[in-house]
Amino acid sequence: MPTKTVAKVDDLQDGEMKQVEVGDTDVLLTRIDGDYHAVGAHCVHYGAPLANGVLSGNTVICPWHHAVYNVTDGEHIEPPGRDCLNKFEVNIEGDEVVVTVPDGAEEHRQPDFGGAAEGDEREFLILGAGAAGSFAAETLRRAGYTGKLAMITYEDDPPYDRPNLSKAYLAGDAEPDWLPLREKSFYKAFDIDLECGRAVERVEVGDKKIIFDDGETRTYDALLLATGGTPRTLDIPGTELDQVMLLRNVADADAIIAAAEDARKAVVIGSSFIGMEVAASLTSRDIDVSVASIDRIPFERVLGERVGEYFLNMHRDNGVEFYLERGVERIEERDGSRVVVLDDGTELEADLVVMGVGVRPRTSYLSGIALNDDASVTVDATMKAADGLWAAGDIARFPHPKTGESIRIEHWRLAEQHGKIAALNMAGEHKEYDEVPFFWTRQFDTSVKYVGYAHDWDEINIEGDIGEGKFIARYLKDGRVLAACGTMGAKLTEIHDQMRRGEEVAPA
């Protein structure tokens, strides 16, 4: 077994860390309360070097997408990512810190999962196999639930990395085999029945019954609704034409990629995050892209004018044309091409049209429970919506842990957090959602991150130079920082750590 002296005992102070190499294995070395610890050095999500993150107490926050790990035992605490870090033996020999790594050891390890037990007749069902649903299924088995467990999805694919679809995958920088979150054999090994290609016609909440479109009826002891959103479409002529597309699942992404092979021009309708990421990805394929949007500035409502202008200028600098404050009247087919006709008469020719005008919670199948005006399901802090019923992810309207306001957030990482909380409560624990929301977008090789949540604000304080693309925007309400957004990743990770610890963030 490779053994190596990696430091002197006084090389690190409490709360410090560094990456070292033992044999062929990268190791994260930390010192906590006078004791040294060694775990795998890279995040299980996309492989970020954890030594570049933030060490806080006995946890480290990944510098890229803010997964959180316990550095004393390698346990995975917060998503993204599913597995844990391997823990390695540390010994103090005189004034030397010595780490031993077993032959063939990897940086990561799979958590301890249980399975079904004979005699446990409980039936827990999960509708949806996205971020919330798949994380919930794994959490239930980790939490010791031994009853029957099925994850049911209308999609044909097992759980996959959905955020990648509009980013690296659409741009051609990610291979298809990067997308699955687990091998199919994983679900079989831990008695998680994965039912793909199954459509639900109705859930009767009062009777705890699910009716499928093929007529099958099933009852449940506990049900998690994690059905996500369905893409909005415009109520205009022409949306049914070939080469007029939406992006929500793998099949959608593959269809857009196929259409992009021979495309010279594309029109993206809408300046949502999906719309803007699609515009960036198609541009990287050497396609001339135009964006038509009713917005004055992209993301102005959620990020403010100056940050929205930053995105607008980024896209324009990369050749994207914008037609803002314009509605779309119709899409026509002319000589094999598509023509997007705007409400001012402007005509945009395209070989490919992608609509990115937002999503709506997929909840029309629900019976016996009131929905909100936006079709979302109200839940409490435990993600519970009714007796035996929980909801998580895009469809859930939940109480903000800091302000108490009822909010809904459409993002992958938060959906995974929701799935974990819901599963723990389904398994009999009492856990409330008190985490800090975080999301990221990547456009033209630039990653912009957002931590916290501010539905509205009194002021936005900008640190750095937004014109140069190095900035943090802080969103303040009543003098308190509720959220921060920007490109200065290290600083944003520190702000995230402050928010996780319940500290007030400095306004500038």
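Student: How many bridges pair S16 with strand S30, and in the parallel or antiparallel sense?

Tutor: Strands of a sheet pair through backbone hydrogen bonds, either parallel or antiparallel. Two strands count as paired if DSSP finds at least two bridges between them. Strands are DSSP runs of E with at least two residues, helices are runs of H or I with at least four, and both are numbered from the N terminus. Here S16 and strand S30 (residues 366-367) pair in the parallel sense over two bridges. Glu204 has Ser367 as its bridge partner in S30. This is a predicted model: local features need pLDDT of at least 70, side-chain atom pairs count only at pLDDT 80 or more, and totals for chains, interfaces and linings use all residues. Residues are numbered from 1 along each chain as its sequence is written, and side-chain values use heavy atoms, with hydrogens and water left out.

Student: In which sense do strand S16 and strand S17 pair?

Tutor: Antiparallel, over four bridges, between strand S16 (residues 200-204) and strand S17 (residues 209-212). Arg202 stands opposite Ile211 in S17. The two strands form a hairpin with four residues between them.

Student: What is the strand order in the open sheet of three strands?

Tutor: The order is S25-S26-S27, with antiparallel pairing. Strand S25 (328-334) and strand S27 (347-350) are the edge strands, each pairing on one side only. From one strand to the next, the twist averages 20°. For such angles, axes are lines fitted to C-alpha atoms (for helices over the stretch in contact), and values run from 0 to 180 degrees between N-to-C directions. Four bridges join strand S26 (residues 337-342) to S27. Arg338 has Ala350 as its bridge partner in S27.

Student: Which residues does the cis peptide bond join?

Tutor: Pro79 and Pro80, with omega about 10°. Pro80 lies in the loop between strand S8 (76-78) and strand S9 (84-85).

Student: How many aromatic pairs does the structure hold?

Tutor: It holds 15. Rings of Phe, Tyr and Trp (its six-membered ring) pair if their centres lie within 6.5 Å; planes under 30 degrees apart are stacked, over 60 edge-to-face, the rest tilted. Phe398 and Tyr433 are edge-to-face: 5.4 Å centre to centre, 80° between the planes. Phe398 sits in strand S34 (residues 396-399), and Tyr433 in the loop between helix H8 (412-426) and strand S36 (438-443), 35 residues apart. Both Phe398 and Tyr433 are buried. Tyr450 and Tyr475 form a tilted pair, 6.0 Å centre to centre and 45° between the planes. Tyr450 lies in strand S37 (residues 446-452) and Tyr475 in strand S39 (residues 470-477), so this pair ties together parts 25 residues apart in sequence.

Student: How is helix H8 covered, and what follows it?

Tutor: H8 is mostly covered, with 14 of its 15 residues buried. Gly428 follows H8, with a positive phi near 110°.

Student: Which rings have a charged end over them?

Tutor: A charge sits over a ring if NZ of Lys or CZ of Arg is within 6 Å of the ring centre and within 35 degrees of the ring normal. The charged end of Arg182 sits over the ring of Phe186, 4.5 Å from its centre. The charged end of Arg198 sits over the ring of Phe212, 4.0 Å from its centre.

Student: How many disulfides are there?

Tutor: A disulfide is a covalent bond between the sulfur atoms of two cysteines. The cut-off is a pair of cysteine sulfur atoms within 2.5 Å. A search of the whole structure finds zero. The sulfur of Cys62 has its closest cysteine sulfur in Cys43, at 3.8 Å, too far for a bond.

Terms used: Buried < 20%, exposed > 50% of the residue type's maximum accessible area, 1.4 Å probe, protein only.
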